[in-house]
Amino acid sequence: MNYRWIFWAVALYMIATGFSFAQTAKTKKILVIGVDGMIYTALDYATTPGLDKLIADASYSKEGYGGLPANSTTGWSTLLTGVGVDKHGVRQANSFAGNHLDQYPSLVKRIKSQLPAIRIASIVREPEINTVLNSDADLKYSQGSDVQVFDQAKEVLGGQSADAVFVQFSSPKEVGLLHGYQLRKADYVLAIQQVDTYIAQLLDVIQSRATYADENWAIFVVSTHGGSESGLATNSTMEELKVPVIFSGADLDNKELLTTNMVAKENSDNFLTINKAPTGDRTYGRIPIAGTGLQGMDKFTIEMWIKAGANSSDPSIMGDKDWDSGGNPGFVICRSGSSWKINIANTQRSRYDIGSSKPIEDGKWHHIAVTFDKTKECIVYQDGERVGGAALTYKETDQMASPFNYIYMAQDGTGTYGGGAPNWAGSFNEVRIWTTALSQETIKNYMYLQHIEKSNHPHLNFLNLYLKLDEVRGAVLTDYSGKNNHAELVGPATERKPYYPVGLTDVAVNVLSHMGIRVDGAWNLDGSTLKSNVPFRLFKVN
């Protein structure tokens, strides 16, 4: 086959688009800016022209995953190692004690081991970042204020002394701890805007370099953690966990990273969406309970993250009973208007209906939980807050078991309920059933925590079902409780997506990728490399 016409077609395309092979010869440089305490909503409310300029030419998310616990030392460890806290071991605020950096070293060490000629600068507020994480950097500076960090970074970037530069700004965290991380507070907004001014000026310094035309710069800006409106650091709320993540560079796509547009990733926090099949076929997950601690529970806590789709009537979100009548024995958690409730009854048809007072059909993720103690009380929680409850009059001798051998997700215990047919539509994540009634404090403390089976949860011995729903394919939904109550996914209308589009673990692998270092599978990193822009591709055609 004559390839001459293909060559000229490609050449003309390259000329038309301004692409040249000279681009591939540019010297790769990178600036990584970590901002402690920049909340994920800041980009929408504060005036941030510097960040806006970056975002216009970046792959970014305003709601990336910072990780638990949400503090600066843990965040920097995750950012620089490319693994989560379960691997790097840094859990305490203001301490790197207990780290496993011998097994999961900083990307600075990895860069120097692969490309020893690369010069690296680390300019930080926390001195231990340089002594523990970035000890292999060629230039290390520890400063007492953000303005001093900025001045030092400006000097380093303005010269020729470094190829990779790591910068830490901490004033948003400092102000947030004093006044609260809230955009209604002028002090906090001004702190965000001052950091943005520093970032804008550092961009100007880079673009003013005499060698800039011959350099391929990537500029990453991430927040290591967010913060609560009160300023109280619990290190576990959504406001603290969600962080903005901005990856700007010539090799990256220019787009907002949204979970709805991304495929589920192996070994990541994914979720399961159950839709309504146009064919009318029912789609659901079913958990076998015959002869297990999940059948006819006298005490339990059921908790899960859900995001409701378009629904009508009162379909079952989860249940083991025949929902054609609320007096039938067993339980169902179901849609109730734009909210939800639990219906439960014993074999004598004595029933209770206990609902939430808050909507869930708002396009957002919500944590819902029910605690049930047969002879005492049933309480419903939404997003960690009590939203309903009732004292119960059941006796010890009352039987709560339905006649069915499955707990269903998105259907009732029969698998055939017609209200809102063919099934509830929505997404599930982190489904857990405990055979005890957890306290509100325990629910709130652990509702955001992944890999609960490896945690210090005080009631792990009562965990009888734990579906992470991280699978990317197949019909098996693995139970991580240790009880082997693995579920089965049935029906045609399912999707799997990442719960967070991007996170701090992705920073390290994208830094390495930009610098031309291939990530070794033996490193066991958690992050993923973002898709690159490719102007054209050549394929051999036979």
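A pocket is an open set of points on a 1 Å grid over the protein atoms alone, with protein on both sides within 12 Å along at least five of seven lines, and lining residues have an atom within 4 Å of a point. The model is predicted: local features need pLDDT of at least 70, side-chain atom pairs count only at pLDDT 80 or more, and totals for chains, interfaces and linings use all residues. Residues are numbered from 1 along each chain as its sequence is written, and side-chain values use heavy atoms, without hydrogens and water.

About 1,200 Å³ of space lies in this second largest pocket, a volume being the space filled by probe spheres set on grid points joined across faces, edges and corners. Colour domain 1 (28–261 + 500–523) and domain 2 (271–497) separately; both give residues to the lining, so the second largest pocket lies between them. These domain bounds come from an automatic or database domain assignment.

Next, select Tyr 65, Gly 84, Asp 86, Gln 450 and His 451, which lie nearest the centre of the largest pocket among its 47 lining residues. The volume there is about 1,400 Å³. Domain 1 and domain 2 both contribute to the lining, so the largest pocket also lies between them.

Finally, select Asp 269, Trp 305, Tyr 448, Gln 450 and Tyr 499, nearest the centre of the largest cavity. In a cavity, a 1.4 Å probe fits but cannot get out. The largest cavity holds about 80 Å³ of space.
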